Amino acid sequence: MPKAPYKGTVIKNDVQAHTITKPNSSSPGDANWETTHVTFDHGGKVPYVEGQSIGVIAPGPDKKGETPAKIRLYSIGSSAVGDCQDSKTVSLCVKRVVEVEEEKWPLKHSNREKGEDKPDKAGTCFPDAKVYRGVCSNHICDMSEGDEVLITGPTGAEMLLPIEQDYNIIMLATGTGIAPMRSYMRLLFHDKVGANPDGTRKFEGLAWLFLGVPYANSLLYVDEHDEYTKKSNSPVSSAPTTRSRGSRRTLRARGCTSRRGWPSTRRTALGADAVSEDPHLHVRPEGHGGRHGGSGCFAPLATKAGFDWKDFAKEMKKAHRYHVEVY
Ligand SMILES: Cc1cc2nc3c(=O)[nH]c(=O)nc-3n(C[C@H](O)[C@H](O)[C@H](O)COP(=O)(O)OP(=O)(O)OC[C@H]3O[C@@H](n4cnc5c(N)ncnc54)[C@H](O)[C@@H]3O)c2cc1C
């Protein structure tokens with residue numbers, strides 16, 4: 001409970017810096033930011049299911065000087081049994097929030113002719129820039145093994161998975177929006193909790209994962225996706241793919257680094273039949289800009305398949321097959 005949070009312990013904090021060199025003829029640009037995959041021991045006292053979130057209370061001070069800070073929610077990135085598969089841990093995927101005053105970035109000259117003098121946030125900000133560091137994300141990213149962490153929850157019912165095993169699922173995420181998708185994938189393709197010969201859950205559908213990030217080196221959990229793709233015996237192909245459900249569990253994962261190419265990458269990969277196969281659609285953009293990610297991708301596919309996307313989306317919502325969480 002918020003007034004009586006559980007005292008967990010950090011058992012792993014894997015902070016990754018995503019850094020690209022300054023733009024030049026051989027490099028696309030320079031960006032510095034960090035994400036972490038952090039794991040807390042909750043001693044089995046904070047049971048959760050895939051798709052839920054937990055709260056973290058930082059010691060503060062918060063924005064108005066409050067101590068401790070207010071609760072921040074984070075989507076759980078591990079399946080119910082946790083990364084250690086003993087149902088005693090919970091993992092998160094957190095981005096370190098660092099905000100620099102808008103006018104303290106150099107301007108981007110490449111767009112001048114279009115009348116766009118946007119700040120070049122991939123560059124280096126001016127040295128006198130005021131920098132704001134997010135209270136809780138920095139608290140999490142700076143924690144070390146053995147540190148105590150205050151946890152609340154779990155909460156959230158929007159992003160839960162269906163109970164049956166033979167559904168098709170399409171997952172669209174950007175940035176740390178991958179967290180709940182990772183929890184699903186651990187359950188569907190990794191954990192030793194089910195009835196398959198290798199011990200995994202008897203998922204018998206097709207799972208599509210699309211992760212959008214600004215730069216290729218910020219794709220998250222790539223090794224795991226490659227492993228599950230291989231394991232599910234489905235060679236990754238760039239050709240449009242359709243598949244009837246119910247025969248075997250399959251993962252197809254795609255990363256995309258271009259904002260403009262993002263919806264078309266998903267459309268080309270999925271093909272028009274994707275909307276006819278009654279998929280469960282889970283959309284989780286990092287930032288409000290991506291909240292229409294579902295319609296951007298599916299409206300043209302629906303039209304091609306003879307549906308009106310808006311009506312179709314309404315029906316999907318009613319049938320609990322369309323799940324969107326934005327933060
Ligand atoms: C359901 C849900 C799930 C979420 N899941 C995740 C997740 O999986 N991973 C993840 O990384 N995040 C997630 N979040 C977001 C997370 O809850 C936090 O909002 C995020 O980490 C920022 O918190 P913070 O304390 O670091 O930043 P805060 O200190 O709360 O600051 C947040 C923003 O406020 C602005 N700001 C405030 N004060 C100032 C100031 N003085 N100067 C300049 N700017 C200022 C900045 O724009 C800053 O980015 C989720 C949120 C929700 C609601």
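Visitor: Which strands and helix each supply at least two residues of the lining of the second largest pocket?

Guide: In this predicted model, strand E1 (6-20), strand E2 (31-41) and helix H3 (222-231) each supply at least two residues of that lining.

Visitor: How is the space in such a pocket found, and how much of it lies in the second largest pocket?

Guide: Rolling a probe the size of a water molecule over the atoms shows where empty space is left. In the present case, about 250 Å³ of space lies in the second largest pocket. Of the 16 residues that line the pocket, Asp 14, Gln 16, His 37, Leu 220 and Tyr 221 are the closest to its centre.

Visitor: How do the residues of the lining divide into nonpolar, polar and charged?

Guide: The lining of the second largest pocket comprises five nonpolar, five polar and six charged residues.

Visitor: Helix H3 was named as a contributor to this lining. Which residues of H3 are buried?

Guide: Glu 224, His 225, Tyr 228 and Thr 229 are the buried residues of H3. Seen down the axis of the helix, they fall within an arc of 130°, so they line one face of H3. Asp 223 and Lys 230, on the other side of H3, are exposed.

Visitor: What covers the buried residues of H3?

Guide: The cover includes helix H2, strand E10 (206-212) and strand E11 (250-256).

Visitor: H2 is part of that cover. Where is Arg 182 found, and is this residue buried or exposed?

Guide: Arg 182 is found in helix H2, which spans residues 178-189. With a relative accessible area of 3%, Arg 182 is buried, because the cut-off for a buried residue is under 20%.

Visitor: Which residues does Arg 182 touch, not counting residues up to four places away in sequence?

Guide: With those neighbours left out, Arg 182 touches His 37, Gly 77, Ser 78, Asp 83, Tyr 221 and Glu 224. Glu 224, in turn, is one of the buried residues of H3.

Visitor: What phi does Gln 85 have, and where is its place?

Guide: Gln 85 has a positive phi of about 60°, although it is not a glycine. The residue lies in the loop between strand E4 and strand E5 (89-95). With a relative accessible area of 31%, Gln 85 is partly exposed.

Visitor: Turning to peptide bonds, which residues does a cis peptide bond join?

Guide: Pro 61 is placed in the loop between strand E3 (53-57) and strand E4 (71-75). Another cis peptide bond runs from Gly 153 to Pro 154, with omega near 5°. Pro 154 lies in strand E8, residues 148-155.

Visitor: Where is the place of Gly 65, and how far is its C-alpha atom from that of Asp 128?

Guide: Gly 65 also has its place in the loop between E3 and E4, and its relative accessible area of 44% makes Gly 65 partly exposed. The C-alpha atoms of Gly 65 and Asp 128 are separated by 24 Å, the two residues being 63 apart along the chain.

Visitor: Finally, how many helices and strands are there in the protein chain, and what share of its residues count as buried?

Guide: The protein chain has six helices and 13 strands. Of its 327 residues, 48% count as buried. Among contacts in the chain with a separation of 6 or more, 73% are between residues 24 or more positions apart. The accessible surface comes to about 16,300 Å², of which 53% belongs to carbon and sulfur atoms.

Conventions
Residues are numbered from 1 along each chain as its sequence is written. This is a predicted model: local features need pLDDT of at least 70, side-chain atom pairs count only at pLDDT 80 or more; totals for chains, interfaces and linings use all residues. Side-chain values use heavy atoms; hydrogens and water are left out. On a 1 Å grid over the protein atoms alone, a cavity is a set of points where a 1.4 Å probe fits but cannot get out, and a pocket is an open set with protein on both sides within 12 Å along at least five of seven lines; lining residues have an atom within 4 Å of a point. Grid points are joined across faces, edges and corners, and a volume is the space filled by probe spheres set on the points. Helices (H or I, at least four residues) and strands (E, at least two) are DSSP runs, numbered from the N terminus. Ala, Val, Leu, Ile, Met, Phe, Trp, Tyr, Cys and Pro count as nonpolar, Asp, Glu, Lys and Arg as charged, and the others, Gly among them, as polar. Buried means under 20% relative accessible area, exposed over 50%, partly exposed in between (1.4 Å probe, protein chains only). Contact means heavy atoms within 4.5 Å. Accessible areas come from the Shrake-Rupley method with a 1.4 Å probe; for residues, only the protein chains shown count as cover. The arc is that of the directions from the helix axis to the C-beta atoms.
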